[in-house]
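Keep the viewer open as you read.

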Amino acid sequence: MKINLLYLFLKEYYLARRVNRFKSIEQIKQYQEEKVRLHLSKIVPLSPFYQKRFEQHSFSEWRKLPLMDKSIMMKSFDELNTVGIKKKEAFEVALASEESRDFSPKLEDVTVGLSSGTSGNRGLFLVSQEEQVRWAGNILGKVIPTSLFFGKKQTIAFFLRANSNLYNSVNNPKIAFHFFDLLDEIENHIDRLNRYQPTIVVAPSSKLRILAQAKKEGKLSIQPLKIVSVAEALNAEDKLEIEEVFQQKVHQIYQCTEGFLAYTCPHGTLHVNEDLVIIEKEYLDKQAGKFVPVITDFTRTSQPIIRYRLNDVLTEGETCTCGSHFMTLKQIDGRCDDLFYGKRIKDEGVRILFSDFIRRAIISSSDVSLEYKVKQLTFDHINVELSLPDINERKQVQMTIKGNFEQFFKEMECVLPTISFSTYQAPPRGIKIRRVERCFQIEGGIV
Ligand SMILES: [Zn+2]
């Protein structure tokens, strides 16, 4: 690591371990505003896209900028990024590296990655070496249980759909990173985990659940100090199961290609990284604290993210007693396109139905933890996939689920759709699990 990069890493790591340096929300807000303005003064001259957006506004009026999202970002890729990389060449590099599963190629020192998504809808992201090093410093400062300099060596098992230089940037005598390809066989994962004995395991929740199962069966013999869930929303029931088996809290990193957004503190509360991003809330249901986040990241320089609307639904949390004043989240609900729509009885208008209620209708139907998937196929049809080989048990659970849905739709004052059942189909390896999914769009819908 070059000296200036090492300095950057240490600085970021040091600051990230001291998030409690902010003594009040006002202090955080002031810090953020200063950082955003400084950031804009650096990136806007390099980005024709943002120059245009700021034609009518001064930097302090950044909150007046129109929102952007993944499709706008992809459409304006060439004019938006500040490193002069063209979409066509970036796609070529990213696809070639995914196919060969050799993740070293870069374009002019910038790592190019592809976000997950259906083909044609995949996002491209660019991260410079400096950004990587800062990312690593920040994430390690917040996630590693002991100090990197005085504590024991940490061995981290990191499960990812695709590795990238992003993660290889963290390897030194105090810390070892082992990359686990999510597309690999579970038996190989178990072998390697038993061999490396990681102190920290970072994986999507569906993988953590499989590992918990393997540990319960005696195949997996690891005792990590910390378990971190990434990439997928962590459901309450998965969390409980993993915590029971590994006898510890599951921590969460809420990270997407758009940035490292939140992490759990020692008290287990999810805090937004307000030292890196500003989150504006677009409320879906203010009373329930449900909102879509609009993020402004004042650390991303290669591909600046200013007022970017994520395709996620979050629930506000309460003040945490850990001492951090960073905004808290009760949960990450899932994607906007996984919200169900109900038809209101009184006027046939649309009502948003949040996925935690849908999940609860399923989970509460059985004492055992169920493998399931719920799809809303149309306004009038919900299909529930269940993995329950015993016919009698299955009948019983199905009846209870139907009853739960009847009750739920009545409470929501919505028309009860047809509820059908089928056998649970696990997603192909490496594909994110979505337990609750809506399969249709409506005009004027929220996404
Ligand atoms: Zn906290």
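This is a predicted model: local features need pLDDT of at least 70, side-chain atom pairs count only at pLDDT 80 or more; totals for chains, interfaces and linings use all residues.

Residues are numbered from 1 along each chain as its sequence is written, and side-chain values use heavy atoms, with hydrogens and water left out.

Start with helix α9 (residues 186-196) and helix α10 (residues 205-216), whose axes come within 12 Å and cross at roughly 70°. Helices here are DSSP runs of H or I with at least four residues, strands are runs of E with at least two, and both are numbered from the N terminus. Axes are lines fitted to C-alpha atoms, for helices over the stretch in contact, with angles from 0 to 180 degrees between N-to-C directions. The pair α9 and α10 is thus roughly perpendicular, a label for 65 to 115 degrees. On the α9 side, Ile186, His189, Ile190 and Leu193 meet Lys207, Ile210, Leu211 and Ala214 of α10, where contact means heavy atoms within 4.5 Å. By class, that makes 6 nonpolar, 1 polar and 1 charged residues. Nonpolar covers Ala, Val, Leu, Ile, Met, Phe, Trp, Tyr, Cys and Pro; charged covers Asp, Glu, Lys and Arg; the others, Gly among them, are polar.

α10 also packs against helix α11 (residues 236-246), at an angle of about 35° and with the axes 9 Å apart. The residues of this contact divide into 6 nonpolar, 2 polar and 6 charged. Among the α10 residues that take part are Leu208, Arg209 and Lys215, while α11 brings in residues including Glu237, Asp238 and Phe246.

Now for the strands. Thr296 sits in strand β12 (residues 290-297). Is Thr296 buried or exposed? At 1% relative accessibility, Thr296 counts as buried; buried means under 20% relative accessible area, exposed over 50% and partly exposed in between, using a 1.4 Å probe and protein chains only. A polar atom of the Thr296 side chain lies 3.0 Å from the backbone nitrogen of Arg307.

Arg309 belongs to strand β13 (residues 305-309) and is buried too, with a relative accessible area of 19%.

Finally, Asn4 in helix α1 (residues 3-16) is partly exposed at 48% relative accessibility. Asn4 and Glu130 are 126 residues apart in sequence, yet 9.1 Å apart in space, C-alpha to C-alpha.

Definitions and conventions
Angles under 35 degrees count as roughly parallel, over 145 as roughly antiparallel, 65 to 115 as roughly perpendicular and the rest as oblique. A polar contact is a pair of N or O atoms within 3.5 Å; within protein, one must be able to donate a hydrogen and the other to accept it, and residues adjacent in sequence count only if both atoms are side-chain atoms.
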